[in-house]
Amino acid sequence: MMEMSFRWYGELDKVKLENIKQIPCMEGIVTALYDVPVGEVWPVEKIQKLKETVEASGLRLSVIESVPVHEEIKLGTENAQKYIDNYKQTIRNLGQAGIDTVCYNFMPVFDWTRTEMEFVLPDGSTGLRYEQETIDKFDIENNDLSLPGWDVSYTRDELNDLIGKYQKISHEMLWENLQKFLEEVIPVAIEAEVKLAIHPDDPPWDMFGIPRIITNEQALERVTKIVDSPYNGITFCTGSLGANSENDLPAMIRSLLKKNRINFVHARNIALLGEKAFQEVAHPSKYGNVDMYEIIKALVEGGYEGPIRPDHGRMIWGEAGNYGYGLYDRALGAVYLKGLEEAIIKDDKK
Ligand SMILES: [Mn+2]
C-alpha cells in the first residue's frame with residue numbers, strides 16, 4: 001500500500017496535526033523548516049525537533065517538501081558551489097535525523113503560479129485557476145507584484161534583477177546547471193540514504209521569458225539519466241504534468257516505475273480550459289481531465305509503495321486558510337485515493 005500523507009505548514013498552519021491524524025488512512029506528514037533562509041544549511045537539531053513534533057501526533061515525517069534550491073545554483077553563478085555545498089550538508093543532516101525523502105524543484109524565480117486563487121465553482125466552492133492570457137497581460141517589470149500564488153517575497157528591484165539574469169539563460173544552460181547540481185548532490189544523497197524527488201514545473205511551460213525545463217516525459221527521462229540511481233527520482237505531480245494535455249500520465253508512471261524512479265506522488269485533478277489554461281477541481285476523475293483511477297492503477301500495478309499526498313484542494317464548507325491547502329477538501333481527496341487503491345488491489349487479486 002502507498003503511504004498516504006498530508007502537507008502541513010508547521011505550527012503556524014491553521015490545520016493542526018491532531019486534525020490530520022483523524023483523516024482515515026492517514027499515515028504521514030509532508031513538511032519543511034520554514035525559518036531557515038533559502039541556501040543556508042538546515043541544522044540537525046531543528047530537523048530532529050520537527051520530526052519529534054510530527055511523531056508525537058502519531059504520524060510519520062514522510063517527506064521534506066521542499067529543500068529549496070538557491071537561485072545562484074540555477075543560474076550557475078560563481079557563488080553556486082557554496083550553495084551546492086550547503087545543500088549537500090543539509091541532505092547529510094536530514095539523513096542523520098532519519099528523513100528518507102526530499103522533494104525539491106528547479107523552477108527559476110517563481111514556484112507554482114496561478115492567476116486566480118478564489119475562482120468560484122458551480123457548487124459555490126473556490127479553487128485555484130491559471131490562464132496564460134492573464135499572465136501575458138501582466139507587466140512584470142512595472143506592476144505591483146500582486147499576481148497571486150507566489151511563495152516568494154522579492155522586492156521589485158530584486159525581481160527585475162533576477163528576471164534580467166535569466167534572460168541570458170537558455171534551456172540548455174539550465175539543464176547544465178541542473179546536471180552539475182545532481183552530479184554533486186546525488187552521491188551525498190546515496191550515502192545519507194535520502195531519496196531526492198524533483199517536482200515538475202508548475203505550470204509546465206516558460207513564463208515571462210524565463211526557461212522551465214521539467215515539463216514532460218522526455219524531461220523526466222533526461223533527469224533520471226543524469227545520475228542513474230533510485231536516489232535521483234521524481235515527485236510525480238499529476239496536476240502539474242496534466243496541465244500539458246500531451247502528457248500521457250499513466251504511461252509516464254509505468255515507465256518511471258519500471259526504473260524505480262518515482263519517490264513521491266502528488267495527486268491533483270485539473271480541468272483543462274484550453275491552451276495553457278486550467279482550473280483546479282475536486283480530486284475525483286469526473287471533475288477534470290486527470291483520470292485518477294488510471295493514475296492509481298498505474299501506481300499500484302507498478303508496485304509503488306512510497307508516499308502520496310492529495311495535492312491542492314478547493315476551499316469548501318466556509319473554510320479559510322492557505323490557498324490550496326485547507327483541511328476539508330484535501331481530506332476528502334485522501335480518502336477517495338485510498339478507496340481507489342483498495343478497490344484496485346482487491347480487483348487485481350481476483
Ligand atoms: Mn505538486
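Just after helix H7, Glu 193 takes a positive phi of about 55°. Helices (H or I, at least four residues) and strands (E, at least two) are DSSP runs, numbered from the N terminus. This is a predicted model: local features need pLDDT of at least 70, side-chain atom pairs count only at pLDDT 80 or more, and totals for chains, interfaces and linings use all residues. Residues are numbered from 1 along each chain as its sequence is written.

**Helix H7**

- H7 covers residues 171–192, and its 22 residues should span 32 Å at 1.5 Å a residue. The expected span is 1.5 Å times one less than the number of residues. The end C-alpha atoms are 31 Å apart, which agrees.
- H7 bends by about 30° at Val 185, and Pro 187 follows within four residues. The bend is the angle between axes fitted to the seven residues ending at a residue and the seven starting there.
- The buried residues of H7 include Leu 174, Phe 181, Val 185 and Ala 192. Buried means that 20 or more other C-beta atoms lie within 10 Å of the residue's own; exposed means 12 or fewer, and partly exposed is in between, with C-beta atoms placed from the backbone.
- The buried residues of H7 pack against helices H3 (71–75), H4 (80–96) and H8 (217–226), and against strands S7 (195–199) and S8 (232–237). Contact means C-beta atoms, placed from the backbone, within 7 Å.
- Glu 172 also lies in H7. Glu 172 counts as exposed because it has 10 C-beta neighbours inside 10 Å.
- Glu 172 and Gln 89 are 83 residues apart along the chain, and their C-alpha atoms are separated by 27 Å.

**Nonpolar core**

- The largest nonpolar core has 87 residues; Leu 94 and Val 102 touch the most other members. H7 gives the largest share of this core, nine residues.
- Such a core is a set of buried Ala, Val, Leu, Ile, Met, Phe, Trp, Tyr and Cys residues joined through C-beta atoms within 7 Å.
- Leaving out residues up to four places away in sequence, Val 102 touches Ile 64, Val 67, Ile 91, Leu 94, Val 194, Leu 196 and Ala 197.

**Closed barrel**

- Eight strands form a closed barrel with parallel pairing, in the order S1-S2-S3-S4-S7-S8-S9-S12. From one strand to the next, the twist averages 30°. Strands pair if DSSP finds at least two bridges between them.
- S1 and strand S2 (residues 28–31) run parallel, joined by three bridges. Arg 7 stands opposite Val 30 in S2.
- Helix H2 (residues 44–56) packs on the sheet and touches S2 and strand S3 (60–65); the direction of H2 makes about 135° with that of S3. Axes are lines fitted to C-alpha atoms, for helices over the stretch in contact, and angles run from 0 to 180 degrees between N-to-C directions.
- S1 (residues 3–7) also pairs with S12, in the parallel sense, over two bridges. Glu 3 stands opposite Pro 307 in S12.
- Three bridges join S9 (residues 262–267) to S12, again in parallel. Val 265 has Ile 308 as its bridge partner in S12.
- S12 (residues 307–310) is covered on both faces: Pro 307 and Arg 309 are buried on one side, Ile 308 and Pro 310 on the other.

**Open sheet**

- Four strands form an open sheet with antiparallel pairing, in the order S5-S6-S11-S10. Strands S5 (116–120) and S10 (269–274) stand at the edges with a single partner strand each, so one side of each lacks a neighbour in the sheet.
- S5 and strand S6 (residues 126–131) pair over three antiparallel bridges. Phe 119 stands opposite Gly 127 in S6.

Technical notes: Two residues are in contact if their C-beta atoms, placed from the backbone, lie within 7 Å.
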